[in-house]
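Let's walk through this structure together, from the surface where its chains meet to the way one chain is built.

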Amino acid sequence: MPTKTYLQAINEALRQEMERDSNVFIMGEDVGPFGGCFGVTKGLYEQFGEKRVKDTPITESAIIGAATGAAAAGLRPVCEIMFVDFIGVALDQLFNQAAKMRYMFGGKAKIPMVLRTPQGAGIGAAAQHSQSLEAWFAHVPGLKVAMPATPYDAKGLLVTAIRDDNPVVFLEHKLLYGLEGEVPDELYSVPFGKAEVRRSGKDVTVVATAKMVHTALEAAEVLAKDGISAEVIDPRTLVPFDTATVVESVKKTHGLVVVHEAVKHAGFGAEIAAQVAEMAFDYLDGPIVRVAAPFTPVPFSPPLEQAFLPDVNDIVAAVRKIRG
Amino acid sequence: MSLNEEKLLQMYTTMVKIREFESKVQEFFAAGKIPGFVHLYIGEEAVATGTCAVLRPADYITSTHRGHGHLIAKGGDLKKMMAELFGKKTGYCKGKGGSMHIADVDLGILGANGIVGGGGPIANGAALAAQYRGTDQVAVCFFGDGASNQGTTQEAMNLASAWKLPVVFVNENNGYGISCPTCKSMAVADIADRAAAYDMPGVVVDGNDVVAVYEAVAEAVDRARKGNGPSLIECKTYRWCGHFEGDACTYRDEEELRTWKAKDPLARFREKLMDQGILTEDRDRKIRETIAQELQEAVRFAEESPLPAPEEVLEDVYA
Ligand SMILES: Cc1ncc(C[n+]2csc(CCOP(=O)(O)OP(=O)(O)O)c2C)c(N)n1
């Protein structure tokens, strides 16, 4: 299988879906000739022209609103918000318009739009350009939320997102853009709501998202040397969430550690922990432990940013805490 | 307010300071000493300088992601600025903010801002506080042509005018929002035209002429201090560097840049002051030497300062 980066995989999904379906178009700030702030839309303007790769003014609510309206009118917009942090400017259009239209209209509208946006810390971009906000989106009924961790999933999940008849928030991790992996040339889709067991194990279940999947896999290697066998699960989508796979795993391992880069307080990890507590409490032989960022904005200076980010040691320590 | 020789020289000094500071930042960013993003202000010095020369220390400004020039013109401390850019504990934000978030509330600098269009509503709030307390302080909102399209900016202008807030909206129209030229992001040629919708004065000035900027802002500030409400001043200018350091700038042509470089706000002002006999070669050299020394100290301070300790990540979240 050919090897591609996470960024190339997303670009390929966009290109192939645009070739396949003329209703699919792209819209966002600097997505045209510039190719997107991180280069994700490079080459698409050249191939599809201005009508289908539209540079917008710097007006996030106008972008989300236009995508919502265009989707309601039968198109399939994929809009880019340059950094997830900028969604604040457009929350009404996303939370109150895109997410609720179908429900409020009694099922009489479809909003097949995708909002692609990078999140995550690690590049010294500070508090207004580094957040992980998946919990915000996952909390709003009407939105679906995808968080690919690998190039393969990035392509397959984006294809599913574009074909989905609901608004999908597609969260890319900016530090994963350069990650390489096997990605088929042909179109394929990865289903929503189906977690991937990235490593199987028997002593503890580690559920991790996005970049933390890789951190958790490294931690699993370290733990393996100590004879602790960790099962690492990547949910891939938070809405829908594959509770069954996680619960099954916990029934086998009897321990759960949840890992994400977003701040721990009111993070999605709390939801996972609560679901497992509700459904598999009797199988747990100790408390569920969450590994996540501290309750602070993301700091700028490198040592502070490193201190903010959960790392391999944090995960190893969490597992040791319950598997002493 | 009249521009005497001393004031003119002060303005010249500020412009040189901004240019030199930015050149140093460019150098250090290229050398990998400055993490994150850096957006340089080179070529736009006349806007910040002409505007802030009107302001008093107690007046407020809100800045942008391209904020170094605004901060310097409002009196920002080069050492603390440089230390912040380096991510050091001694920086303006203790290493937590970086280039895009430097603030000095004591100097009325309510922050550079990583969110395009974030400043307008905040400037209104500062102006509201002044109106509320009955002081004659004003607030200046610096914002780009790109930011002018944000709802927040339009909402802020409307509110400021409805409430007659002492705000001056200073638009820096440098022709681009990252790669997007203004001709593609708006239908009007002059952002100043939008002032009509809010019943406030809207004027276009040559943003590369520091005296023209000063005069337009002085009139607007005067109006604001007298309780007559906000104004919009559009300064036509140009950014010489890429949107951020590392931007290859493939979306604009060399010719355009050359044309604008020929209108260099600093060289023009220098020439003017020379012609008027206000500036001499000797004086110019002294000004530059002083600034070079100040910058050297700022860099040394930044380099020698400690990085923050990891535990500090948890500090300052709540008061
Ligand atoms: C809400 C928001 N949207 C998008 C961005 C990304 N961004 C940063 S600067 C910029 C361009 C701003 O253009 P303009 O206001 O004209 O200022 P200039 O860079 O030209 O000084 C963009 C799109 C952002 N920081 N915040």
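**Where the chains meet**

The contact (heavy atoms within 4.5 Å) takes 34 residues from chain A and 39 residues from chain B. This is a predicted model, where local features need pLDDT of at least 70 and side-chain atom pairs count only at pLDDT 80 or more, while totals for chains, interfaces and linings use all residues. Residues are numbered from 1 along each chain as its sequence is written, chains are lettered from A and ligands numbered from 1 in the order in which they are written, and side-chain values use heavy atoms, with hydrogens and water left out.

Chain A and chain B bury about 2,800 Å² between them, with 70% of that area given by carbon and sulfur atoms; buried area is the accessible area (1.4 Å probe) that two parts lose on being put together, summed over both. On the chain A side, A:I58, A:F300 and A:L304 supply 24% of the area buried against chain B, more than any other three residues.

How many salt bridges (a side-chain nitrogen of Lys or Arg within 4 Å of a carboxyl oxygen of Asp or Glu) are counted between chain A and chain B? There is 1, and the side chains of A:E50 and B:K184 meet in a salt bridge at 3.1 Å, N to O.

**Inside chain A**

Now turn to chain A by itself. Chain A has 12 helices and 14 strands, which are DSSP runs numbered from the N terminus (helices: H or I, at least four residues; strands: E, at least two). Its C-alpha atoms fill a box of roughly 60 × 45 × 40 Å, taken along the principal axes.

An automatic or database domain assignment gives the bounds that divide chain A into domain 1 (3-182) and domain 2 (196-323). The C-alpha centres of these two domains of chain A lie 26 Å apart. Where they touch, 28 residues of domain 1 of chain A are in contact with 24 residues of domain 2 of chain A. Together the two domains bury about 2,000 Å², 64% of it on carbon and sulfur atoms.

The count between domain 1 and domain 2 of chain A is 2 salt bridges. As for salt bridges in chain A, the side chains of A:R198 and A:D153 meet in one at 2.6 Å, N to O.

**A link within chain B**

Over all chains, the structure holds 42 salt bridges. In chain B, the side chains of B:R19 and B:D264 meet in a salt bridge at 2.8 Å, N to O. This pair links distant parts of the chain, 245 residues apart: B:R19 is in helix α1 (residues 5-30) of chain B, and B:D264 is in the loop between α9 (254-261) and α10 (265-275) of chain B.
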